[in-house]
Amino acid sequence: MTSERDVTARPEPADPAGDESLSEAFWAVARELREKSAERLAPWDITPSHLRALRTLSRHGTMRLSELSDHLQIAPRTATEVVDALESRDLVRRCADPADRRATLVEVTEHGAGILAEIRATRETEAGRVFGRLGPADRAELARILGKLRD
């Protein structure tokens with residue numbers, strides 16, 4: 001005979017590893033990477049959001065502020081503030097759009113490209129330290145899984 005207690009027992013989790021522990025482990029690693037990233041950016045006095053904008057401009061080339069805000073998925077006013085901060089440090093520059101005198105384009109300066117290269121090298125070193133704890137097969141599997149989650 002089944003008691004009422006048996007009927008209301010908790011179901012087993014679908015993932016034997018436990019979704020909660022997987023989630024906690026993922027966010028702990030993400031938090032560690034974010035903290036290390038912020039520490040590594042300190043010598044250049046650049047924030048992660050400024051770095052995202054600089055990388056986007058470097059990757060996609062010269063663009064209007066509205067395009068940058070679309071790429072970054074931020075409000076146009078916020079994109080203006082980010083570009084203001086980057087421009088004040090000579091990392092990007094504004095220039096007139098030859099196709100539309102009313103519009104302004106933003107591009108990475110030579111100094112900005114140099115700073116970006118330095119930051120990339122530092123981040124690659126840090127990533128090597130973090131992911132170097134994994135063997136080649138585990139790194140490949142992690143890359144495959146993260147790619148799947150990102151898509």
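**Reading the terms**

Modeller: Seven helices and three strands make up the secondary structure of the protein chain. The model is a predicted one. Along the sequence, the elements follow the pattern α-α-α-β-α-α-β-β-α-α.

Colleague: Why is glutamate 118 called partly exposed?

Modeller: Its relative accessible area is 42%. Buried means under 20% and exposed means over 50%. The value for glutamate 118 lies in between, so the residue is termed partly exposed.

Colleague: What makes the link between glutamate 118 and tryptophan 44 a polar contact?

Modeller: The side chains of these two residues are joined at 2.9 Å.

Colleague: Where does glutamate 118 lie in the secondary structure?

Modeller: Glutamate 118 belongs to helix H6, which covers residues 110–131. H6 has 22 residues and reaches 31 Å from its first C-alpha to its last, close to the 32 Å expected at 1.5 Å a residue.

Colleague: How do you know that the buried residues of H6 line one face of the helix?

Modeller: The buried residues are Gly112, Ile115, Leu116, Ile119, Glu126 and Val130. Seen down the axis of H6, they fall within an arc of 100°, so they line one face. In general, an α-helix has 3.6 residues a turn, so residues three or four places apart point the same way. The face of H6 turned away from the buried side carries the exposed residues Glu110, Glu124 and Thr125.

Colleague: What makes S1 and S2 the edge strands of the sheet?

Modeller: The open sheet has three strands in the order S1-S3-S2, with antiparallel pairing. Strand S1 (63–64) and strand S2 (92–97) each pair on one side only, and are the edge strands.

Colleague: Which helix lies across S2 and S3?

Modeller: Helix H5 (residues 76–88) lies across these strands, running at about 115° to S2.

Colleague: What percentage of the residues in the protein chain is buried?

Modeller: Of the 151 residues in the protein chain, 25% are buried.

Conventions: Residues numbered from 1 in each chain as written. Predicted model: local features only at pLDDT ≥ 70, side-chain atom pairs only at ≥ 80, totals over all residues. Heavy atoms only, no water. Helix = DSSP H or I, 4+ residues; strand = E, 2+ residues; numbered from the N terminus. Buried < 20%, exposed > 50% of the residue type's maximum accessible area, 1.4 Å probe, protein only. Polar contact = N/O pair within 3.5 Å; in protein donor to acceptor, adjacent residues only side chain to side chain. Expected span 1.5 Å × (residues − 1). Arc of directions from axis to C-beta. Pairing = 2+ DSSP bridges. Contact = heavy atoms within 4.5 Å. Axes fitted to C-alpha atoms, helices over the stretch in contact; angles between N-to-C directions.
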